[in-house]
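Have the structure open as you read.

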Amino acid sequence: MESGGFVRTSGMAGSKGAEVRDFISLLKPRVMSLVVFSGFAGMIMAPGSIHPVLAAVAVLCIAVGAGASGAINMWYDRDIDAVMSRTRGRPIPRGRVAPDDALAFGSILASGSVFLMVLAVNYVAAAILAITILFYVFVYTMWLKRSTPQNIVIGGAAGAFPPMIGWAAVTGGVSVESLLLFALIFFWTPPHFWALALYRRGDYEKAGVPMLPVVAGARATKLQMLIYTVLLLPLAVAPYFLGMTGQLYLMAAAVLGGLFLMSAIAVWFDETDKSAKRMFAFSIFYLFALFGAMILDRAPGAL
Ligand code: HEM
Ligand SMILES: CC(C)=CCC/C(C)=C/CC/C(C)=C/COP(=O)(O)OP(=O)(O)O
């Protein structure tokens, strides 16, 4: 049976185990791991306390909401995913999951995560979760991704919300501190993504997606990456100066920031893709390590 030009497989092909794996990969689990970690960091940094069961439910809602929006993104982007070598092995282009099934799967999980957050945690956390999902699906995926090279700068806001969700789960509100956690990811996203886009430029060109390296070239992209990396430096140490962390975090943020800046400079001078690949990998380590240091060094006074 055909559906929207893609082979429908549900109910007729693949072992049950393989289908479960396919649905799991619709959730973009590796990206989800860092999203969840940043949401958890928001929860740990927030003043006050939350019952451990509610904390676990909030983390689950962030994980499921992030995964669900990833599945809807894969449903919408199935045409370009089939063209790009990085994404053509995904379950929809491979014909392992029907587009309609992916959309239903993502929509049910997205609604479920928001409802559970309302019922078990609080309205503010649920509202930010809903905004995050809607922003990623409608603003980034359906609107900006295919229309402007600033797609990931504006759309990147979606990926920056999770610590605010974690913070709101504990406090029921938004604060300067939680906005700072948002800003950290917001300014981290351009160097993170453009490093990948530099060495995947051919893919985006083929798919007609106007990513910055395709539209403005490598030099302009590298300059933008340097600018965002420099702007990230003071933001990354700011949690210490706001009294959110101790000196261990300050040192970690300074060292990580220095290394991130060095990798952006290496990308600037490197005519090959080697430094961009290294910077992309380091960007992921950077954010895990930054939030890890923050969690370890949460200022006792902030409790
Ligand atoms: C608009 C914002 C963002 C864009 C466009 C973007 C794009 C990408 C892309 C294209 C990949 C490669 C995935 C692959 O190889 O299939 C990737 C990997 C990754 N991204 Fe992002 N990203 C964004 C924001 C974020 C955020 C906010 C996080 C988490 C806080 C994140 C975490 C990760 C992780 C952990 C990986 C590695 C996944 C792997 O090992 O395959 N990204 N990102
Ligand atoms: C709680 C919650 C809802 C969190 C959502 C977090 C979120 C929006 C993360 C976005 C990160 C991401 C994988 C972007 C991929 O861009 P892309 O879709 O262009 O990448 P692709 O080409 O790999 O599909």
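The report below starts with conventions and then moves from domains to ligands to helices.

This is a predicted model, in which local features need pLDDT of at least 70, side-chain atom pairs count only at pLDDT 80 or more, and totals for chains, interfaces and linings use all residues. Residues are numbered from 1 along each chain as its sequence is written, while chains are lettered from A and ligands numbered from 1 in the order in which they are written.

**Domains**

The chain is divided into domain 1 (19-173) and domain 2 (175-303), with bounds that come from an automatic or database domain assignment. Their centres, taken over C-alpha atoms, are separated by 20 Å. Domain 1 puts 28 residues into the contact and domain 2 puts in 30 residues; contact means C-beta atoms, placed from the backbone, within 7 Å. On the domain 1 side, α2, α4 (78-83), α7, α8 and α9 each supply at least two residues, and α2 has the largest share with 7 residues. Helices here are DSSP runs (H or I, at least four residues), numbered from the N terminus.

**Ligands**

The table compares the shells by class; a residue is near a molecule if its C-beta atom, placed from the backbone, lies within 6 Å of it.

Around ligand 1, the nearest residues are Arg30, Val31, Leu34, Gly156 and Gly159. Two or more residues of that shell come from each of α2, α7 (151-155), α10 and α14, and domain 1 and domain 2 each give at least three. Around ligand 2, the closest are Ala66, Thr132, Tyr136, Ala158 and Gly159; α3 gives the most to this shell, with 5 residues.

Phe135 is buried, as are Thr132 and Tyr136, where buried means 20 or more other C-beta atoms within 10 Å of its own, C-beta atoms being placed from the backbone.

Helix α14 has 23 residues (274-296) and should span 33 Å at 1.5 Å a residue, which agrees with its end C-alpha atoms being 33 Å apart. The expected span is 1.5 Å times one less than the number of residues. What covers its buried residues includes α2, α10, α12 and α13.

Methods
Contact = placed C-beta atoms within 7 Å. Buried ≥ 20, exposed ≤ 12 C-beta atoms within 10 Å, placed from the backbone.
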